[in-house]
Amino acid sequence: MNRHRRSAVALRHVAFEDLGLLSSVLDRAGWDVAFCEAAIDDLAHPSIEHADLLIVLGGPIGVYEAEAYPFLTREIQLLERRLKQERPTLGICLGAQLMAKALGARVHAGSIKEIGWGKITLTEQGATTCLAPLAEDSAAVLHWHGDTFDLPNGAMRLASNTHYENQAFSFGRNALALQFHLEADPRQLEEWYVGHALELSAAGIPVTQLRAATASVASGLQDRANRIFGRWVHALD
């Protein structure tokens, strides 16, 4: 008899920022994943609205740019409904910022642009969660953002770093927001280097430097993603 597989929808903002290392974790855990293109698809469609899990991925625009990108308003409204109902929701980078906005927090341009690999510091609460492997000496996460957010009321801060106090938070039983990229697949990052070429140039970050940094941490990324995301999805209601 086949085990029942649950439905997950990934909201994608640009084609090359997808599930990466998270894809195999979800497949092994029994989730069927469909992609939704946030800018053009009907975000109120029942298949999205009622998905067992919603994953909101990253992208190169700001939450506060809804006048230029009206779909952001619909995305925030979708998140407001899910979070109010405590339905399983994961936000990554822009996705985390959209979750913060949906919970009533301010999202704004940060003091510096963070692009590259680095460590984060878990809070006391964060060390007891699925993020615990990020306390390991070898743990590094990929930062690729210039915006940040205030901690929403009722949320629990899980991680910080030198530049930004809010790097991860949880809300209720089933919502996790990550400002950084645990899902980034080293091989697929070659597409990011092309897609974000202008941003990298403006930030003065040579692609060769970023590629070398990726190679130095690549070997442990899949195992860490398996442990972190695996623990989180298995604990979902």
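In this predicted model, helix 7 covers residues 207-217, and its buried residues are L210, T214 and V217. Viewed down the axis of helix 7, these buried residues fall within an arc of 70 degrees, so they line one face of the helix. The face turned away from that buried side carries exposed residues. These are T208, Q209, A215 and S216. The buried residues of helix 7 have several packing partners. Two are strands: strand 5 (107-118) and strand 7 (141-149). The others are helix 5 (189-195), helix 6 (197-203) and helix 8 (221-234).

The whole chain was examined next. Its secondary structure comes to 8 helices and 10 strands. The chain has 237 residues, and a compact globule with that number would have a radius of gyration near 18 Å. The value for the chain is 17 Å, which agrees. Along its principal axes, the C-alpha trace spans about 45 × 45 × 35 Å. Buried residues make up 53% of the 237 residues.

The chain exposes about 10800 Å². Carbon and sulfur atoms supply 51% of that area. There are 21 positive and 28 negative side chains in the chain. The centres of the two sets lie 4 Å apart.

Helix 4 (94-102) is mostly covered, with 8 of its 9 residues buried. The buried residues are L94, G95, A96, Q97, L98, M99, A100 and A102. Just after helix 4 comes G104, which takes a positive phi of about 95 degrees.

V63 lies in the loop between strand 3 (53-56) and helix 3. Is V63 buried or exposed? V63 is buried, because its relative accessible area is 5% and the cut-off for buried is under 20%. Leaving aside residues up to four places away in sequence, V63 touches L72, I76, L94, Q97, L98, K101 and V107. Among these contacts, L94, Q97 and L98 are also buried residues of helix 4. V63 and D147 are 84 residues apart in sequence. In space, their C-alpha atoms are 8.8 Å apart.

Backbone angles single out two further residues. Most residues other than glycine have a negative phi. E86 has a positive phi of about 60 degrees although it is not a glycine. C93 is not a glycine either, and its phi is positive at about 55 degrees. Where do the two residues lie? E86 is in the loop between helix 3 (71-84) and strand 4 (89-92). C93 is found in the loop between strand 4 and helix 4. E86 has a relative accessible area of 34%, so E86 is partly exposed. C93 counts as buried, because its relative accessibility is 4%.

Notes:
Residues are numbered from 1 along each chain as its sequence is written. This is a predicted model: local features need pLDDT of at least 70, side-chain atom pairs count only at pLDDT 80 or more; totals for chains, interfaces and linings use all residues. Side-chain values use heavy atoms; hydrogens and water are left out. Buried means under 20% relative accessible area, exposed over 50%, partly exposed in between (1.4 Å probe, protein chains only). Helices (H or I, at least four residues) and strands (E, at least two) are DSSP runs, numbered from the N terminus. The arc is that of the directions from the helix axis to the C-beta atoms. Contact means heavy atoms within 4.5 Å. The radius of gyration is taken over C-alpha atoms; the globule rule is 2.2 Å times the number of residues to the power 0.38. Accessible areas come from the Shrake-Rupley method with a 1.4 Å probe; for residues, only the protein chains shown count as cover. Lys and Arg count as positive and Asp and Glu as negative; His and the chain ends are not counted. The place of a charge is taken as NZ of Lys, CZ of Arg, CG of Asp or CD of Glu.
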